[in-house]
Amino acid sequence: MSERIDFSKGLVPVILQHNQTDDVLMLGYMNEEAYQKTLEEGKVTFYSRSKQRLWTKGETSGHFQNVVSVQADCDQDAILMRIIPQGPTCHTGNQSCFNNERAHHFKVQNLRQTIHQSANSNKSNSYTQYLLKEGIDKISKKFGEEAFEVVIGALKDNREEVISETSDVMYHLFVLLHSLDVPFTEVEQVLAQRHQKSNNFKGGRKDIKER
């Protein structure tokens, strides 16, 4: 995970990006000491320009930023860190410091984070926890029921029902994946491979026609 970083120019800018949703969460700065501490502890530590000291993100709030990977830019004087946040990254309580429409746009990958948080929460009325306690048979049955509801809505040409039931299908799918400990990134990898094969096939067909 360690990268060779050039600290000869002073503080190095560090971008934090959510490892599951790809949202850009914040920008901070590190000196070499902060960088080494981050690598050793696996939690993001910045150099605070206002406090003039090392500052572990979350040291007061408990919202630590757990490092997944570290990547330097081509000049080794800027860093991209993919992280898993424990709670909001921004001090305002927002998930991202870049409080714009893109930051608040819901992505399907957010379901994984939501379900993970629900599974580990203390809420006694959590539907996610109920499903996980019931086990894979119950979860699979619910997924199948919701998928059938989508089919019914489609046969009735009911657009609103299809949208609503598709949302239920996606939720239960991610509960199913969580129960089986299958990261959605592995599904994305398969989709990417199939997409690449499809593009290659189309390219080949085009070449044939041109000849």
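Modeller: Here it is. The accessible surface of the protein comes to about 13500 Å², and 51% of that belongs to carbon and sulfur atoms; such areas come from the Shrake-Rupley method with a 1.4 Å probe, and for residues only the protein chains shown count as cover. It's a predicted model, where local features need pLDDT of at least 70, side-chain atom pairs count only at pLDDT 80 or more, and totals for chains, interfaces and linings use all residues. Residues are numbered from 1 along each chain as its sequence is written, and side-chain values use heavy atoms, leaving out hydrogens and water.

Colleague: In what order do the elements of the protein run from the N terminus on?

Modeller: Helices (H or I, at least four residues) and strands (E, at least two) are DSSP runs, numbered from the N terminus. The protein has 7 helices and 6 strands. The order is β-β-α-β-β-β-β-α-α-α-α-α-α.

Colleague: Is the protein spread out or compact, and what is its radius of gyration?

Modeller: The globule rule (2.2 Å times the number of residues to the power 0.38) is compared with a radius taken over C-alpha atoms. For 211 residues the rule gives 17 Å, and the protein is well over that, so it is more spread out than a compact globule, with a radius of gyration of 22 Å.
The C-alpha trace spans, along its principal axes, about 65 × 65 × 30 Å.

Colleague: How many disulfides are there?

Modeller: A disulfide is a pair of cysteine sulfur atoms within 2.5 Å. The sulfur of Cys 97 has its closest cysteine sulfur in Cys 90, but at 3.7 Å that's too far for a bond. The count comes to 0 disulfides.

Colleague: Is Leu 111 buried or exposed?

Modeller: Leu 111 sits in helix H3 (residues 110-119). Its C-alpha is 6.7 Å from that of Phe 174, 63 residues apart along the chain. Buried means under 20% relative accessible area, exposed over 50%, partly exposed in between (1.4 Å probe, protein chains only). With a relative accessible area of 14%, Leu 111 is buried.

Colleague: Which loop holds Asp 181?

Modeller: Asp 181 is exposed, at 66% relative accessibility. Its phi is positive, about 55°, although it is not a glycine. You'll find Asp 181 in the loop between helix H6 (159-179) and helix H7 (184-210).
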